[in-house]
Amino acid sequence: MLKNYFLYSLILGFMVFNCGGNKSQSDDYIQIELTWKHQNNAIGDVPGKGEIQLSNKGSIPLPSKKWAIYFNQITGPIPEASSLKGLRLSNVVGELYKIEPDPSFSGLNAGEKKDFPYTSIVGVTFNYSAVPQGAFLVYEDENGVEKTNPVSIEIVPFKRREQFQLSPKDIKPLPDAFWRFDQQAGVSLLSTDKLPLILPTPVSTTLQGSSFTLSGNSKIVAGKGLENEKAYLQNFMDPLFYKSGGTNNTITLNIGNGSSLEKSGAYQLEINKDQITIIGKDAQGVFYGIQSLIHLFPSHVFSKENTSLSLPGILVKDAPRYEYRGYHLDVGRNFHSKKTILHLLDILAHYKMNTFHFHLTDDEGWRIEIPGLPELTVFGSKRGYSMDEKSFLQPSYGSGLLPDADNSSGTGFYTRNDFIEILKYARERHIKVIPEVDIPGHALAAIKSMEARQARLQLDGNKSASEQYRLFTPNDKSAYRSVQNYPDNVLDVCKESTYTFIGKIFDEIIKMYRDAGVTLKTMHVGGDEVPEGVWKGSPSCLDLLTQLPKGNPKDVLTQYFLTRLDKMLDERGIQLAGWEEVALIRIPKNPKGFRYEPNPKFTKDGFLAYVWNSLGESVNLSYRLANAGYDVVLSNVTNLYFDLAYDGHPAEPGLIWGGYVDTKTAWRFSPNNQFAAVLKDNQGNDMPITQWENTMEWLKPEGKKHIKGIQGQLWTETVKTSDMVFYYTLPKLLGLAERAWTTEAAWEAKRFSPEREQQLNADWEIFANKLGQKELAKLDYIFGGYTYRVPPPGAKILNDKLTINTPFPGLQVRFTLDGKEPDSNSQVYTSSISLKKGSQVKFATFTSSGRKSRTVTLPAKEGELTD
């Protein structure tokens with residue numbers, strides 16, 4: 001069984017924080033275990049089936065009433081009330097649910113277990129991200145005193161397709177080793193001379209002359225203004241080399257001009273027998289030349305101290321394709337430490353990413369200290385259970401019972417000094433940090449925090465101050481539900497105190513940048529997913545609407561809010577950025593509904609629109625906005641949402657609503673033909689690429705100048721640990737970096753055709769070999785190492801011969817023939833294995849540091865997964 005949500009050790013601590021620091025209490029507390037047995041999803045006329053089992057593991061009986069088990073579940077089957085006898089299941093808010101006894105429940109004695117089967121017609125599950133997690137029991141003891149205790153969870157593993165099939169239209173094959181083999185069959189091992197020496201691939205690379213011997217005695221000489229770059233390179237090299245021995249030679253860093261140094265970030269790297277010379281258009285270019293130099297180091301260098309190493313004579317001329325090369329991390333849903341952020345910045349810089357989009361606030365957490373508003377972190381950075389929600393936010397995403405920052409990713413924040421340190425660290429690596437304060441929607445943590453402030457000051461008798469930053473009107477009768485199922489997560493944009501609050505936040509963040517020696521130039525304000533029905537019952541909004549143009553209240557007030565926000569930021573010399581919604585306007589459709597078009601109101605105001613929606617008829621939304629005059633960052637969900645699962649295997653964590661995103665999907669993103677960027681949807685059906693190409697608006701020449709760059713997004717609903725940040729990010733990031741930096745590929749802008757796919761796959765084979773033969777081994781150790789995803793191998797059996805492959809040729813596979821789990825001492829796979837009748841073979845992919853993938857076991861039962 002899968003205990004505490006998911007105990008596959010190979011998923012890198014995927015659910016380490018399942019119970020959010022809720023260690024089991026003493027025998028004086030009721031101790032319950034919940035087992036979820038999912039039989040099948042509801043597909044067509046066939047109802048879903050499952051079973052909840054409760055086991056009393058302690059010595060105290062569970063009474064027949066006055067108790068509830070709370071848990072989080074992102075999505076999943078909703079039991080029909082009539083089918084679930086003995087229990088009632090209901091939604092509390094968001095994705096928080098509770099199970100309570102119905103009148104027929106007779107209690108659960110010590111050592112007893114009971115099964116509660118159910119059927120469902122609504123909701124499906126798809127992997128172990130979509131199961132109950134973070135459960136805890138709330139009950140009254142014999143004296144009427146409320147008690148709480150964690151509930152351990154066991155999930156019966158998903159093995160058959162019907163347990164994670166999405167709908168009758170879901171035609172995906174079983175995602176087993178045989179399916180993976182076919183997916184990977186077009187990639188074979190190439191000789192190293194066919195592979196690029198540097199990633200992202202430079203504009204030009206020419207081998208020349210004799211090699212250079214780099215050692216601890218090599219001297220770094222830097223021109224004026226390059227003190228930071230010199231220190232960076234010296235600090236990087238010092239741990240790699242012994243100080244004694246080696247040759248005295250020179251690495252020279254300078255800023256210069258030339259035909260190959262026209263863009264900011266451009267550089268030239270030249271290595272000969274006596275000297276390494278890096279010339280950059282600017283300091284940023286010199287820094288990128290240093291990263292390319294480091295890329296030339298053999299991967300084994302990073303795992304030990306060395307006497308010296310030999311670098312090839314080479315001339316590299318290079319410049320970035322896009323000025324904006326970004327990575328977005330959401331720390332609102334689940335918090336990630338300063339240490340994790342700094343480790344992330346190291347690897348972003350190494351692959352020449354220059355923007356870190358820092359999503360600091362959301363419904364489920366406020367993550368940055370704001371002087372003068374302590375409730376934002378005292379209240380808004382914590383999640384846990386309380387009777388009245390007066391001390392912290394409700395549990396979400398499995399954060400559990402207690403607001404324990406050491407054991408729950410639901411709790412935590414960056415102090416002012418933490419944030420300044422992050423800014424300085426990023427500046428030293430030529431990474432611009434764009435903070436996001438998500439408003440007016442996704443603001444539950446801020447709203448609840450300011451209500452806590454209001455209550456505190458009201459109690460102190462300071463009524464005037466208590467209303468100063470209030471974001472909510474108590475007698476607001478608006479009825480709505482956000483996409484995440486919250487009825488109260490939108491700021492009241494008609495209250496002046498809302499703008500006082502926003503101004504305070506802006507000013508305090510600006511001060512942090514100033515104290516870090518960085519100028520804040522862009523502020524991301526979110527602006528997304530404001531639900532229908534909002535503001536309709538707000539007294540302040542009903543009054544304001546009489547003074548504004550007529551129309552749908554949500555649309556009219558959104559324009560009002562953005563206009564005021566733009567003015568506030570403009571007065572502070574800051575560009576307004578937001579998700580695509582800030583640049584769109586809704587146009588009514590007949591007979592009902594809306595369509596979205598570029599809003600002409602803000603095209604001259606310098607808004608920066610991050611376009612995430614690339615689904616269906618929105619596949620060309622970024623083109624339409626760029627053609628209309630908006631500056632755009634391509635953030636397409638279908639290629640660049642790193643929180644989407646790598647594939648459809650139930651043990652593969654992540655969401656799937658926008659499809660599946662693996663390294664190749666990120667790499668094949670084609671900014672100049674987004675219609676052909678993804679071949680299939682999340683149910684295995686072909687995308688109508690040719691139809692889109694023939695009927696939809698393409699990016700026009702004048703629109704191309706408005707495409708500022710590309711960004712990968714990691715939303716963290718399912719990402720609870722530092723290990724999992726890097727599991728989701730790597731190696732997807734390398735595909736993104738290649739597309740953001742490297743010159744446009746020959747196949748990219750072409751219309752979809754077999755010839756285009758053939759060219760694309762030939763380029764992918766080279767890139768995949770580069771990852772398998774060098775980059776992943778380097779990631780095992782560079783900057784202390786990264787827990788990237790180790791892909792499970794594929795398999796094919798023909799004439800009793802087992803053939804194994806991996807998506808990245810060069811990765812090592814080890815196997816056993818005696819039924820034992822393979823480890824780093826097991827036999828290395830080199831050629832087809834002869835299978836004997838009745839034998840069992842187990843095999844897995846291994847990294848250079850000894851980590852491994854899921855284990856494949858053959859033979860598997862008919863219709864069941866191989867791993």
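The legends below describe close-up views of a predicted model.

Residues are numbered from 1 along each chain as its sequence is written. Because this is a predicted model, local features need pLDDT of at least 70 and side-chain atom pairs count only at pLDDT 80 or more, whereas totals for chains, interfaces and linings use all residues.

**View 1. The largest nonpolar core and F501.** A nonpolar core is a set of buried Ala, Val, Leu, Ile, Met, Phe, Trp, Tyr and Cys residues joined through side-chain atoms within 4.5 Å, where buried means under 20% relative accessible area with a 1.4 Å probe and protein chains only. The largest such core has 170 residues, and F356 and F501 have the most contacts inside it. Helix α9, which spans residues 496-515, gives the most to this core, with 9 residues; helices are DSSP runs of H or I with at least four residues, and strands are runs of E with at least two. Leaving aside neighbours within four places in sequence, F501 is in contact (heavy atoms within 4.5 Å) with residues including W366, L373 and Y469.

**View 2. The surroundings of E364.** E364 is found in the loop between strands β22 (361-362) and β23 (365-366), and E364 is buried, with a relative accessible area of 1%. The side chain of E364 makes a polar contact with the side chain of Y486 at 3.1 Å. A polar contact is a pair of N or O atoms within 3.5 Å; within protein, one must be able to donate a hydrogen and the other to accept it, and residues adjacent in sequence count only if both atoms are side-chain atoms.

**View 3. The loop that holds P822.** P822 is found between β34 (812-816) and β35 (827-828) and is buried, with a relative accessible area of 2%.

Methods
Side-chain values use heavy atoms; hydrogens and water are left out. Buried means under 20% relative accessible area, exposed over 50%, partly exposed in between (1.4 Å probe, protein chains only).
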